[in-house]
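Dear colleague,

Please find the structure handed over below.

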Number of protein chains: 2
Amino acid sequence: MEQRLSLVTLGVPDLDAARRFYLDGLGWTPVLDVAGAVTFIQVAPGVLLSLFGAAELAADVGDGRPPMTAPGNVTLAHNVSSPEEVDAVLAAAERAGATIVKPAQRAAWGGYHGYFADPAGTLWEVAHNPGLAVDPDGTVRFAEA
Amino acid sequence: MEQRLSLVTLGVPDLDAARRFYLDGLGWTPVLDVAGAVTFIQVAPGVLLSLFGAAELAADVGDGRPPMTAPGNVTLAHNVSSPEEVDAVLAAAERAGATIVKPAQRAAWGGYHGYFADPAGTLWEVAHNPGLAVDPDGTVRFAEA
C-alpha cells in the first residue's frame, strides 16, 4: 500500500450547513458540488476534502453502523506562517460559523495554535509550527529531524 | 482561511500498535518518529498523517473532553488505479493487521472499493474511481465536472 492519502470525508448531519460553512463561510471553491449529495474541495495536491451525509457515509461503509458522529479520533490541521495568522484564521472561522474550542495560545510543543469545530463538530487545529517547513516540491521537513 | 490541509492526526489508544501497523505493517516511512510520543508520516505533498495518543490529543484540544475514540465522522481514502489494486491493497492491509470492514466490491457511485479499519478503528476506504483524475501538478479533476 503506497504512502498516499486521496480523500478525507466528513460525514455530516446537515450537508447544507457544511456547504454553507466551507463554501460560503470560508470561501473555499469546490472541485465538484452536487447540492444535497456531495461536495468535493481540493485541500492539497491530489487530496480532496469531501462533505457527505452522515447516514449516507455509514451506509457506504456498509456494516450496519449508525450515522457517523463527530468528533471521533481524527483532527485536521491547517498550518500557517505566523502566530498572527493563527489569530486571523481562527477569527475568520468563527465569523464563518465555527465554534472556537481552544482560543489561540502557546502550544505545549513550542508553537502557537488553537482549535475550532465546524458545524458538524469536526475539529480543526490552526497552528504555527516554527519547526516544520514545506519545500516547494511539497516535501515536509522538521527542524528536529 | 486558505484552502489547505496540513495534517491529519489520529488519536490512538495504543501508539505502539499504530506505529507497528503503519510503519512495519504497511511499510510507510516516517518523516519524524519519536517512539512513545508521536509519529509523522507524509501522505501527500505538504500533508502529514500524525499518530498521537488519544488521551494526549484530547489534552491538546484542551476542553476537558475524554480521550478520542474512533471512528467518529471522518473516513480517509486511498485511491488506486484499478479494481485489481483495490483487492491487492485491502489484502496487504489485512496482512499488516487491519480489519476488513467492507470487502472489495462494486460501489454505488460507479467505482470499486472496500473499507478497512486500522488497529485504532480509523476507517480507510480503498477505492478505484474511474471518474477522478489527478494531473501531474496535483490538480484533481472529475470526469463529470
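In β5(B), A:L7 has B:A77 as its bridge partner. Strands pair if DSSP finds at least two bridges between them; strands (E, at least two residues) and helices (H or I, at least four) are DSSP runs, numbered from the N terminus.

The model is predicted: local features need pLDDT of at least 70 and side-chain atom pairs count only at pLDDT 80 or more, while totals for chains, interfaces and linings use all residues. Residues are numbered from 1 along each chain as its sequence is written, and chains are lettered from A and ligands numbered from 1 in the order in which they are written.

An open sheet of 8 strands has the order β6(A)-β7(A)-β8(A)-β5(A)-β1(B)-β4(B)-β3(B)-β2(B), with mixed pairing. At its edges stand β6 (99-106) of chain A and β2 (30-34) of chain B; each has a single partner strand, so one side of each is left without a neighbour in the sheet.

Within chain B, strands β3 (residues 38-44) and β4 (residues 47-53) pair in the antiparallel sense over 6 bridges, and B:A44 stands opposite B:V47 in β4(B).

As to the interface, 57 residues of chain A are in contact (C-beta atoms, placed from the backbone, within 7 Å) with 57 residues of chain B.

Yours sincerely

Terms used. Two residues are in contact if their C-beta atoms, placed from the backbone, lie within 7 Å.
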